[in-house]
Amino acid sequence: MSWAALLLLAAGSYALKAVGPVVVGRRPLPAGAVEVLELLSIPVLAGLVALQTLNSGGELVIDARVPALAVAAVLVWRRAPFLVVVFAAAGTAALLRLL
Amino acid sequence: MGAVPARPSQLQLGVDLDALNGGDRRAVARTAAAIGIATGTYGISFGVLSVAAGLSVAQTCAMSLLVFTGASQFAVVGVLGAGGSTAAAIAPALLLAGRNALYGLSLVPVLRGRLGSRALQSQLVIDETTAMARAQGEPAAAHFAFIATGISVFVCWNAGTALGAVAGTGLANPSALGLDAMFPAAFLALLAPQLRRPGAPAAAVAGAAIAIVLVPLTPAGIPILASALGVFAGLAARRRAPRRPET
């Protein structure tokens, strides 16, 4: 990743944070826009879960990441801390690849 | 309703926000410190994964300082680590950062001060600070909670990132260590607490389905962008089920 791309990302995410406190002030947003913004991160995160589990260079594959995600899902459901969830997933995948 | 967005109902860190209502400043500061420490552990895993995805230690630390919004940062290094282009990495990151715009709007009554001061405070507008601010009653307490949580999370997130980036440098074979499996686990952990909102499960299923269907059909980067369209499935589900009032 180039530094220019990194700064572009930083500028974009800062602009989103600042649009309320700096630009908009107290004007209310249209209710439809609020609803979309409330939900927007959910399908994108779910899409990332799916792609990072199944996508391998433009092809769908089932490999050690699938059981790793299953382990993570159980831990998330059991409300395990974040670090435990991600390292358990890594450990599961590493172990399966050793076998 | 709808004009005033609800605070996030629960943080990904498992902090029970309903237990935060009221309370004195010392209790708020203690909670802010606890949230900071929990966020620091996210920072460690972000640092490790970022250098494994090919970013330098300096770039990794700069991203945590300047971008400072966890899910977006994980998205960037996740896509880059899987071989995606820079554009394919930045687009979903900005989509995920879209919710910070909503948070910033909801914090307008809280973030007072001169323009320059508000501009500086804007960098701290994230899940954790919004949740803490909106858990307080009056604006002065909300502002204190926002600042205390913001400073605590900013310091810990960046310290954790630096620690993880340095520790992760020189890991020989990221795939053998299962680091690629950390990403879906991380995104799932970020997603799970949000699924209780009305329409969220439908939006999540649609987003995942759109992304998977498009993988063999479209160039890299398109599936994750298109997954955002899952938002319409969520909106449709909300229309069908009457909305529960949130407090």
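Predicted model: local features only at pLDDT ≥ 70, side-chain atom pairs only at ≥ 80, totals over all residues.
Visitor: Why are helix 1 of chain A and helix 5 of chain B called oblique to each other?

Guide: Helix 1 (residues 3-24) of chain A and helix 5 (residues 115-122) of chain B pack at an angle of about 140°, with their axes 8 Å apart. Angles over 145 degrees count as roughly antiparallel and those from 65 to 115 as roughly perpendicular, and the two helices are therefore oblique. Their crossing is right-handed.

Visitor: Which residues make the contact between these two helices?

Guide: Helix 1 of chain A contributes A:Tyr14, A:Lys17, A:Ala18, A:Pro21 and A:Val22, while helix 5 of chain B contributes B:Leu115, B:Arg118, B:Ala119, B:Gln121 and B:Ser122. By class, six of these residues are nonpolar, two are polar and two are charged.

Visitor: What makes B:Phe68 buried?

Guide: B:Phe68, in the loop between helix 2 (57-66) and helix 3 (70-81) of chain B, has 24 other C-beta atoms within 10 Å; a residue with 20 or more counts as buried, and B:Phe68 is therefore buried. Its phi is near 45°, a positive value in a residue other than glycine, whereas most residues other than glycine have a negative phi.

Visitor: Why is A:Arg79 called exposed?

Guide: A:Arg79 has 10 other C-beta atoms within 10 Å, and because 12 or fewer is the cut-off for exposed, A:Arg79 is exposed. This residue lies in the loop between helix 3 (65-77) and helix 4 (82-98) of chain A, and its phi, near 60°, is also positive.

Definitions and conventions. Residues numbered from 1 in each chain as written. Chains lettered and ligands numbered in written order. Axes fitted to C-alpha atoms, helices over the stretch in contact; angles between N-to-C directions. Helix = DSSP H or I, 4+ residues; strand = E, 2+ residues; numbered from the N terminus. Parallel < 35°, antiparallel > 145°, perpendicular 65-115°, else oblique. Left-handed = near helix turned anticlockwise from the far one by under 90°. Contact = placed C-beta atoms within 7 Å. Nonpolar A, V, L, I, M, F, W, Y, C, P; charged D, E, K, R; others polar.
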